[in-house]
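Me: Could you go through this model with me? I'd like to begin with the charges and then look at the backbone.

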Amino acid sequence: MDESLKQERELAGGAALVFEPRRALAAARRWTFARWAEIACAALLAVASAQMLAVIARKSITVDEIVMIPAAYYHLAAGDFQLINEHPPLSKIVAAVPLLFIQPDEARPDQITAPPNTPDAKWAYTASFWENNPALFDSISFWARVPMIALTVALGVLIFRFARETFGTRAAVLAVALFSLEPTVLAHGRVVQTDIPATLGYLLLFVALRRYSAERTARHALWLGCAAGIALLSKFSMLLAGPVLAAYFLALLWRAGHRGQTRPTVFRHAALVAFAALVVVNAAYFFRHRPLAEADIEWIQKSFPSSAGGLTTLTNALSHVLPADFVLGILFQIWHNGEGHNAGLFGMYSSKGWWYYFPVAFALKTTLPFLLLSLASLVWAARAWLKTRDARLLWLLAPFAIYTAFVHFSNIDIGVRYYLPAYSFLFILAGALLDRLLRSRRARRAGAFAAAALLCWVAVEAARAYPDHMTYMNQLASRAPHWWYLSDSNVEWGDDVRSLAGYLRARGETRVRGSFLCGYMTLRHYGVEYVDMLDDADEPAGLPAPRYTAVGASYLNGSTVPEYELDGRDVTEKERVNTFDEYRRRKPEKIFGGSIYLFREDGR
């Protein structure tokens, strides 16, 4: 018996000598593949960054950046949080860092004559910022947007890491490929606004929540709180983090005994999460807690007349714990959603939007291959989860479903960009589905061909969209002009003003009649005077009328046309949205970026 055991051990040792090199070789291959995957991810994000850098070098700032960039500078340089406090400060803090080195001139006392914190005072700061720095206009516009590209790259890295932890290395690379080629990401990844930061914050929240679920320690609870704080600082829609975390910890309390975690521990960890989030939010406002100004109280009374007293008291109380401008920003978003926002969809108009708006906008504004992959991956993941209860799938399906349900309650239907936080989970699910096709034993060749064809199709669409990612629509929107399908930032956001000005100057034109976003502020920085079509007083006497008229796509849509007077009376709603009906039927001489239509006036 002892002899036989000895022989078995000798045989086992021989087998180990045979298999050990194989194991080492397999491990080396896995390591090499992981490194190549990281290099591929870096290359994809570098290409996306190069595209966005090239675009900001040739396109002007958007209409929102006219106010966001000065607000960013004053937030970081002067600790003035009241400018554009309707948006939290993450994007502003990031965008303002290069401006500290540029050192733009600030507003002079004689330029701010309105009472503090009033809309007139805020606009005076914004206007003076650009008026005092004409020579720095291009530098400020360029460098303020560069950090936003870095933030977009950080989002791509987070998608890669989350996808790799969930589905493996190849799925992660495929997810990043889809991310780096998506026109909507490339369009908004270069803009000083809150949409890409919100996408990063929402994904970061669930990455931290998943890690806390895997290892419920105080350290992970603190990280979860920090992630929640970053999400809250990205966009006020990320207040959704509160109900998500509340529901999660209530579920932990309910099943505390089954999870091996006591209820006191759950309470402690929930408190740590809340504490960390509170510290992060206050840190972004430099731990300053100003009292409400008279203008703030007046605004609350005007915006919430039926509950002004209670809201003022509540805001005053909360301003001792949270920055007053953070609380006021939340109130502004509640008011804005209640009031709604003028929008257009398929030739219809509404200030309250449509419940199906975001699915329609997503279907039109994303590439067809990614749209098909998104639908297929959602069906595949839902069926697989129902069949296997694979928790990995639930960590992607649940956040996507939560945000999709949440955004349906929005009355602000002015851009697919509001839906961007849901995209990250679609990129990862689509990458996982493509990886599954590549690994399929029964149809490996067909799966590889389908995956390669879809990725090539996405790349072709991305190349076709360049550099006009902002106004991109897929082939589903081919029967009518794009402005008929959607409005506002989907079809025009003011970033083609530079191209328009260059075209006019090349023809010796220094004036243009216009109604398009950004023209009133940015066009003069490119040497062309903007004559407002809706303001008769804007046309100086004694000068010939401009030879060209420029109309923005969203003005052709009609939704962004402001109210104005016609023959001494206020225009009707029908008249307002059809103000530029004449130009809808005319052929433009030139279209810039799909967003500005230029018409030459006959006989001039």
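Me: How many positive and negative side chains are there, and how far apart are the centres of the two sets?
Reply: In this predicted model, the protein chain carries 61 positive and 52 negative side chains, with the centres of the two sets 14 Å apart. Lys and Arg count as positive and Asp and Glu as negative, while His and the chain ends are not counted; each charge is placed at NZ of Lys, CZ of Arg, CG of Asp or CD of Glu.

Me: Switching to the backbone, which residues does a cis peptide bond join?
Reply: Tyr466 and Pro467 are joined by one, with omega about -5°, and Pro467 sits in the loop between helix H20 (444-465) and helix H21 (482-485). Helices here are DSSP runs of H or I with at least four residues, strands are E runs of at least two, and both are numbered from the N terminus.

Me: And what is phi at Cys518?
Reply: Phi of Cys518 is near 85°, a positive value in a residue other than glycine, and Cys518 lies in the loop between strand S3 (511-515) and helix H23 (519-522).

Me: Is Cys518 buried or exposed?
Reply: Cys518 is buried, at 1% relative accessible area, where buried means under 20%, exposed over 50% and partly exposed in between, using a 1.4 Å probe and protein chains only.

Key:
Residues are numbered from 1 along each chain as its sequence is written. This is a predicted model: local features need pLDDT of at least 70, side-chain atom pairs count only at pLDDT 80 or more; totals for chains, interfaces and linings use all residues. Side-chain values use heavy atoms; hydrogens and water are left out.
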